[in-house]
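Work through the exercises below with the sequence and the 3D structure at hand. Try each task before reading its solution.

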Amino acid sequence: MAAVPARSGRLRRTAEGIERRTGLRVEIIGGTLLMSPPRRGKHAGTVRHLREDLGPQLPANLGAYESSSIALPDDEDDYATPDLIVLPVEWENEDDWRADPRHAALAVQVVPGPSLITHISTRTSWYAIAGVPVLLTVDPRKGAWTLHTRPRDGEYQGVLHGTYGEAVPLPAPLPAELDTSGLPLYAPRG
């Protein structure tokens, strides 16, 4: 993942141009353009597994979405595109491409491959500042997950760590648990 600083006020136009010309996924996190290549198979498989486990358990008013972005409140240029996000199903009727992060019931970030710079702490802070109530970070490098809850003052107050095979305990209105058994691991570096 590469980070590129850009002038304020032109960030979104710059990000859109990079996406069109390169096919890279671009986000604006804290005023910095973050670019990442297309997701590798195990990354995509992790997202698919989580979506398939989560989706049927969600209440009828919530849906699990990929490729949906959320905006930083009060900054139209700053946005993130989590790997998976649970939003009210009314999202499907919106014309805007960015959802309000406070409407998200859950955002999921899968750590990129072992050779990529992750910016995980910057992303976690961004989600807390944006007011996303629950963030799940899944790390196929280590076979581990971290659940972040209760954002306040730019930090998550609740942090719970676990390993693959341990169910993630989710707060209401989400299902009680999310299965992590069978999630793929990245091959060791080297």
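A patch here is made of residues with over 30% relative accessible area and no salt bridge, and like charges are joined within 9 Å. The model is predicted.

**Exercise 1. A charged patch**

Task: Find which residues form a negative surface patch, and place Glu-94 in the chain.

Solution: Start with the charges, where Asp and Glu count as negative. The residues that form the negative patch are Glu-90, Glu-92, Glu-94 and Asp-95. Next, look at the chain around Glu-94: this residue lies in the loop between strand S7 (84–88) and strand S8 (98–99).

**Exercise 2. A salt bridge in a helix**

Task: State how many salt bridges the model has, and describe the one between Arg-48 and Glu-52.

Solution: A salt bridge requires a side-chain nitrogen of Lys or Arg within 4 Å of a carboxyl oxygen of Asp or Glu. By this rule there are six salt bridges. In the one between Arg-48 and Glu-52, the N to O distance is 2.7 Å. Both residues belong to helix H2 (residues 41–54), where they are four residues apart, about one turn of the helix.

**Exercise 3. A hairpin and its neighbour**

Task: Describe how strand S5 pairs with S6 and with S8.

Solution: Begin with the general rule. Strands of a sheet pair through backbone hydrogen bonds, either parallel or antiparallel. Strand S5 (residues 69–72) and strand S6 (residues 75–80) run antiparallel and are joined by three bridges. Among the facing residues, Ile-70 has Ala-80 in S6 as its bridge partner, and Leu-72 stands opposite Asp-75 in S6. The two strands form a hairpin with two residues between them, and Asp-74 in the turn has a positive phi of about 70°. Now turn to S8: S5 pairs with S8 in the parallel sense over two bridges. Ser-69 stands opposite Arg-98 in S8.

**Exercise 4. The six-strand sheet**

Task: Give the strand order of the open sheet of six strands, and explain why one side of S4 and of S12 is left without a neighbour in the sheet.

Solution: Read across the sheet: the order is S4-S7-S9-S10-S11-S12, and the pairing is mixed. Strand S4 (62–65) and strand S12 (155–163) are at the edges with a single partner strand each, so one side of each has no neighbour in the sheet. On average, neighbouring strands of this sheet are turned by 20° against each other, direction ignored. Within the sheet, S7 and strand S9 (residues 106–110) pair in the antiparallel sense over three bridges. Leu-84 has Val-108 in S9 as its bridge partner.

**Exercise 5. Backbone exceptions**

Task: Which peptide bond is cis, and what is the phi of Arg-150?

Solution: Most residues other than glycine have a negative phi, and most peptide bonds are trans. The bond from Ala-172 to Pro-173 is cis, with omega near 10°. Pro-173 is in the loop between strand S13 (168–169) and strand S14 (177–178). Arg-150 has a positive phi, near 60°, and is in strand S11 (residues 144–152).

Key: Residues are numbered from 1 along each chain as its sequence is written. This is a predicted model: local features need pLDDT of at least 70, side-chain atom pairs count only at pLDDT 80 or more; totals for chains, interfaces and linings use all residues. Side-chain values use heavy atoms; hydrogens and water are left out. Patches are made of residues with over 30% relative accessible area and no salt bridge: like charges are joined within 9 Å, nonpolar side chains (Val, Leu, Ile, Met, Phe, Trp, Tyr) within 5 Å. Accessible areas come from the Shrake-Rupley method with a 1.4 Å probe; for residues, only the protein chains shown count as cover. The place of a charge is taken as NZ of Lys, CZ of Arg, CG of Asp or CD of Glu. Two strands pair if DSSP finds at least two bridges between them. Axes are lines fitted to C-alpha atoms, for helices over the stretch in contact, and angles run from 0 to 180 degrees between N-to-C directions.
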